[in-house]
Amino acid sequence: MKLIVTHKLMLVFVLASLSSMASGEIAKPDVYNIKTYGAIGDGVAMETEAVQKTIDACHNAGGGVVRVPAGDFQIGTIILKSNVTLSLDYGASLLGSTNADDYPTENLRKPREGAAHCLIYAASANNITIEGLGVIDGRGTHENFPRNRKGGRNSGIRPRLMRMEHCGDLTFSGVTYKRPAFWGLHLIDCKVIHFNAVTLRFRNNNYNNDGLDLDGCENVLIENCDLSTGDDAICLKSSLNPCKNIVVRGCRADSNTAAVKFGSSSRGGFIDVSITNCYFHDCPMGAIKLQSVDGGRLENITISRIVMENVGNPIFMRLGNRGSSFGERSERGQREDDSSKDAYTGTLKNVRISDLVAEVTIEDREKTLEAVYKNLKLDTTPGVTDKEKGRAGPIMITGIPGHLIENVVLENIKISYPGHGTQEDAQRVVAEDESRYPEQFFFGVLPAWGAYIRHAKNIEFKNVELTLRGDDARQKVVLDDVQGFVEH
């Protein structure tokens, strides 16, 4: 019945469109060119005022298209508003200012995590689109925005590329985003979001360069995107409200940390998420990370048809009890309203991962040093170190005593591992670390080379093929406090 209704609605829409075309009544949106409002586009002039005037004029007239023509337009913080489409022509670039003074925060809400500075901002606005074939470049390099606070240039201020809060009906299509100083595209408590054919080029630019950070967002479709990031490429967060009804499909991603991560902010939880038909590569710290450590529900997750090459720990599921409340920070960096003493443990259950092929590799020292730790010396320790083995470890599924991960199915899985495990590694005792930040390699080298499962219930491996490319003295699968493990 739903299909019939849908087809009828589509037929009505098509007939109405044809009728409008025949009568010459096609409504075209009003277009507001930023050059009309004083923008120059030489890459030198500060264009913040001109771009903001264009946005305001478009919004005040009821909405339309803010056109950015070919050229280099240097801006500080701009605020998008309802019913505005920001459209970048081919050859158009919005360039983030390299002066921290151009990122004022007095008119911006303070986020739950990090500072308020950002290049593009929106709050309580609806029907916003960012589209086109142009580039939005934060120019947030180490040189322009250093992380430390030693009183030098820009004093450690690192703006996000974008922050939107409590917004709805958001569309991101075709634009290339580059070089944020901090997180990339950060959406908080937003609803009805569509990312299509978006390109991110954040890798090896600065620290904490997440790609898509979706905090407490609902009804999201991410498709056909090409994401290259320094930190997590697709990161679902839930500092207060749950992330739910999320679909990721047809994307490729590489990252210094993870292609996909749920958490670590996980107070609200993650419900009904589907990830399919994706290619993840060159993720030395792991590829897929599902984490519930702040009391939220992580439930009803489906991941299928995934290819992973040159990755570290392939699948990491962690149910912990960090209990972060995401309150205000004191000057010493501690939460003023930290409720960890009253923290409760959430849930992690009903996860299905199928049709996945992965090659786990030891990270390339020279490549990693050049990319991430430019000011450090190359590690010349012979052989494979424990740190390297910890990052190229097995599937890890671990709850904590009394709180089990439940109902996980892995089906049609093929994962190849590098080996290098010793007899000593096989005898290792794994710490619980119930409240520690959830990262698999923090647990060190695990006593299994294929899968380590602890504090779990109803775990099913169906046609799971785990193989070695080198020697390894550890067991393939190690179970600890596991109820109802089935392998067939």
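Me: How many residues does helix α2 (residues 48–60) have, and how far does the helix reach from its first C-alpha to its last?

Reply: In this predicted model, helix α2 has 13 residues and reaches 18 Å from its first C-alpha to its last, which is close to the 18 Å expected at 1.5 Å a residue. The helix is followed by G62, whose phi is positive, near 105°.

Me: Which residues of α2 are buried, and what do they pack against?

Reply: The buried residues of α2 are T48, A50, V51, Q52, T54, I55 and C58. They pack against several strands, among them β2 (42–46), β3 (64–68) and β6 (84–88). As a general point, an α-helix has 3.6 residues a turn, so residues three or four places apart point the same way.

Me: What makes the pair R249 and E223 a salt bridge?

Reply: The side chains of R249 and E223 come to 3.0 Å, N to O, and because the cut-off for a salt bridge is 4 Å, the pair qualifies. The two residues belong to distant parts of the chain, with R249 in strand β21 (residues 243–249) and E223 in strand β18 (residues 218–223), 26 residues apart. A search of the whole structure finds 23 salt bridges.

Me: Why is E223 called buried, while R249 is called partly exposed?

Reply: E223 has a relative accessible area of 12%, which is under the 20% limit, so E223 counts as buried. R249 has 37% relative accessibility, which lies between the limits of 20% and 50%, and therefore R249 counts as partly exposed.

Me: How do you know that E363 and R391 form a salt bridge, and where do the two residues lie?

Reply: The closest N and O atoms of E363 and R391 are 3.4 Å apart, and because this is within 4 Å, the pair is a salt bridge. E363 lies in the loop between β28 (347–360) and α3 (365–371), whereas R391 lies in helix α4 (residues 386–391), so the pair ties together parts that are 28 residues apart in sequence. With 14% for E363 and 5% for R391, both values are under 20%, and so both residues are buried.

Me: What links D425 and K389, and are these residues buried or exposed?

Reply: The side chains of D425 and K389 meet in a salt bridge at 2.7 Å, N to O. D425 lies in helix α5 (residues 423–426) and K389 in helix α4, so the pair ties together parts that are 36 residues apart in sequence. D425 has a relative accessible area of 1% and is buried, and K389, at 8%, counts as buried too. D386, K389, D425 and R428 are linked in a network of salt bridges.

Me: Why does R139 have no salt bridge?

Reply: The nearest side chain of opposite charge, D137, is 5.8 Å away from R139, and because a salt bridge needs a distance within 4 Å, R139 has none, although R139 is buried. R139 is found in the loop between β10 (135–137) and β11 (160–165), and its contacts include Q74, L95, F145 and K178.

Me: Which residues have the most contacts inside the largest nonpolar core?

Reply: The largest nonpolar core has 104 residues, and those with the most contacts inside it are M164, F172, Y177, F195 and M317. Strand β31 (residues 448–468) gives the most to this core, with 8 residues. A second, separate core of 8 residues includes F316, F443, A448 and V478.

Notes
Residues numbered from 1 in each chain as written. Predicted model: local features only at pLDDT ≥ 70, side-chain atom pairs only at ≥ 80, totals over all residues. Heavy atoms only, no water. Helix = DSSP H or I, 4+ residues; strand = E, 2+ residues; numbered from the N terminus. Buried < 20%, exposed > 50% of the residue type's maximum accessible area, 1.4 Å probe, protein only. Expected span 1.5 Å × (residues − 1). Contact = heavy atoms within 4.5 Å. Lys, Arg positive; Asp, Glu negative; His and termini not counted. Core = buried A, V, L, I, M, F, W, Y, C linked by side-chain atoms within 4.5 Å.
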